[in-house]
Amino acid sequence: MPYPARLNPNLERARQNSKSWAYAMDMIDVPQHGTAIWDEHDLDSHDYALLCSYTHPDCSGPVLDLITEWYVWVFYFDDHFVELYKRTPDLQGARAYLDRLPSFMPVDGEITAVPENPVEKGLADLWSRTVPARSACWRRRFAESTKNLLDESLWELGNISENRLANPIEYIEMRRKVGGAPWSANLVEHAVDAEVPAAIAATRPMHVVRDTFADAIHLRNDLFSYEREVLDEGELSNGVLVLERFLGIGTQEAADAVNDLLTSRLHQFEHTALTELPPLVEEHALDPVQRMGVFAYLKGLQDWQAGGHEWHLRSSRYMNGSTEESRAAQPVLGGPSGIGTSAARISSSIAGTLPQRARSFSHVPFEKVGPSPIPDFYQPYELRMSPHLDTARENVVEWAKNVGILDEAVWDEEKLRAYDVALCGAGIHPDASPEELDLTSAWLAWGSYADDYYPAVFGRTPDPAAAKVCTARLSELMPVDGPPKTAPVTGLERGLAEIWARTAAPMDVPARRAFRRAVEEMLASWLWELANHRANRIPDPVDYIEMRRKTFGSSLTMGLSRIGHGRTVPPELYRTRPVQNLENSAMDYAALLNDVFSYQKEIEYEGELHNGVLVVRNFLDCTPDRALAVVNDLMTARMKQFQHVVELELPALAEDHDLGHDVRATLIGYVEELKSWISGLLNWHRGCHRYAEEDLRRNFGRDRAPAAGSLTGLGTAAARIGRTPVRAGAGAG
């Protein structure tokens, strides 16, 4: 905990006013369906006013009252939902209960629904008192985060009903929504009276500071609430339990691992705030008031981290044995008191986590790791192959020659043939016509070439400007309406312009925008990789998984499997939890599959930092063999989650939304396409000539990898151009 906790002087006022408000909303001593939720002692001992006074130390008394009442409401909702729908699982009743709540959060206009219980009554009151002071952009974001917080309670309830424990990746993603920290981040904006400017609200840096804030809060809560949630409530949504079962370790060791992950997420928060946000505000030319607002928001998030920790130490809601009487006898911050003691605790926290931070920046490139045994992957789907493979192999080579990507000292024909991108296309797009398979193969060749081009051409300079200019020009070559804004001048640009024109021609404008966004996200993720290389920084594990979906080009290659099929999931269904889980689990399986095959190539031959085995090895501080086993277990867990979504969640989605026959057929068709995508990628990794040690020696044009630490640093990438292999498969390693 590297930030000092401070206490708002309006604490006692907030305690009194929030209690009066809770009584007015019928939250105290008013049974719900015959079940008592809270009495006055519950509210006093939980002390949400103390939580908010710690987490919002600088806001005025009236604002603190409002913020505190929001937290009284959200914790009451949590306990109300547990008592009525979790202890004796009632999915149907829970859905009906949750379906009513959005009517009390209109982004525009007045609330017209009539509250029927304390949760609805409290939400209607708070919404009406909060949103008039905020912009439409903030209202939309707050309504979305509140809805996510409420709706994803069904995910927890569903897992309890099935006695199903989430895998670690799924858990982190879903905990953000059900845990409420993104919702808390929105309230931080209200408390500091400084909204995140709309121009940057959807950018990667702002998403990362919000998500790292959320993950740290939730993981801290998991540590404190393990006894209450797991032993008392039978809860399965707890990070300690998730790692305990997944890694096969004891409870204390799992708690230590959760704490390490919490630390890693706070390190990521700091890294993003200090290295990604300053250039972002310059790029968007934010004015001084907007800049002050952004940094007030960041400071508010830091205050929340520190204050939330202090509150957990004192609230009787958790397993610390705190009582109202002992609270009065404790120093406000606990432990040593007086001038300088808070700073002493911060120093000790930073010193204690320094080895973990240092490990991420001290990897020596080109480490000799040797070949790794390829596990027997869990992959249950049958491979189907296009009959047009042989023709596509020759056509993609001819295409590469015509656009000039073999003339830029990065690739040659021998490497292109060895990497056999048409083999990948024939597996992920087995029903393609000859023309469609040629287009798929060209996209795979271009994406793989571009992924290799970026580090080869731009990796030698500390200045990211040239890479950003290149990225901007590539975006201009993908118009969604009308001709391109620029003329291509390099093989990289000519290749994209040619395949974009062929791809976009039969698409409508929304489809073009979606496909262009997939390409742009992949390009932007390579800028992130370049930045990490400049800092010699192994990514945080959560950030790595989420960015790997983009660096691998998952959305692009998954989209390729649907070209020409005329089958797309309706837009509103793409945003549902089951479809997102379906896609993300498939993406993670494929990206980690690539990391396993490419471990020696990337670590020993390329000096790469972005590999899942290395990331796990660095985070757990374990051997490569142990890291490989953990990655394989993650792949298996994600594949089983994919199957779970297909077998249970998608049919439930169809029933819940009363989908017609055609839409259900679309979903079934989409699932079959993803199965082909997964099986086709595995077949390509096994069949291409790029990962075995003999392939590496041939493709790199040398008999051994460089000695550890050689050919690294500024200016050395130029020496490697010409021997750098493609990370084939549109971002694959």
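The model is predicted: local features need pLDDT of at least 70, side-chain atom pairs count only at pLDDT 80 or more, and totals for chains, interfaces and linings use all residues. Residues are numbered from 1 along each chain as its sequence is written, and side-chain values use heavy atoms, with hydrogens and water left out.

Start with two long-span terms. Helices are DSSP runs of H or I with at least four residues, numbered from the N terminus. The expected span of a helix is 1.5 Å times one less than its number of residues.

Now take helix H25, residues 509–535. Its 27 residues should span 39 Å, and its end C-alpha atoms are 39 Å apart, which agrees. Buried means under 20% relative accessible area, exposed means over 50%, and partly exposed lies in between (1.4 Å probe, protein chains only). Buried residues in H25 include Arg 512, Phe 515, Trp 526, Trp 528 and Glu 529. Asp 508 caps the N-terminal end of H25, with a side-chain oxygen 2.9 Å from the backbone nitrogen of Ala 511. After H25 comes Asn 536, whose phi is positive, near 50 degrees.

Helix H16, residues 288–314, also has 27 residues. It reaches 39 Å from its first C-alpha to its last, close to the 39 Å expected. At its start, a side-chain oxygen of Asp 287 reaches to within 3.1 Å of the backbone nitrogen of Val 289.

Next come the aromatic rings. Rings of Phe, Tyr and Trp (its six-membered ring) pair if their centres lie within 6.5 Å; planes under 30 degrees apart count as stacked, over 60 as edge-to-face and the rest as tilted. By this rule there are 34 aromatic pairs. One of them joins Trp 70 and Phe 142, edge-to-face, at 5.2 Å centre to centre and 85 degrees between the planes. Trp 70 is in helix H4 (residues 61–86) and Phe 142 in helix H7 (residues 136–151), 72 residues apart. Trp 70 is buried, at 0% relative accessible area. Phe 142 is buried at 0% too. The rings of Phe 81 and Tyr 97 have centres 6.0 Å apart and planes at 45 degrees, so this pair is tilted. Phe 81 lies in H4 and Tyr 97 in helix H5 (residues 91–100), so the pair ties together parts 16 residues apart in sequence. Both residues are buried.

Polar side chains meet as well. A polar contact is a pair of N or O atoms within 3.5 Å; within protein, one must be able to donate a hydrogen and the other to accept it, and residues adjacent in sequence count only if both atoms are side-chain atoms. Asn 594 sits in helix H29 (residues 577–597) and is buried, at 0% relative accessible area. Its side chain makes a polar contact with the side chain of Arg 548, at 2.7 Å.

Leu 492 is in helix H24 (residues 491–504) and is buried, at 1% relative accessibility. Leu 492 and Ala 450 are 42 residues apart in sequence, yet 6.7 Å apart in space, C-alpha to C-alpha.

Technical notes. Helices (H or I, at least four residues) and strands (E, at least two) are DSSP runs, numbered from the N terminus.
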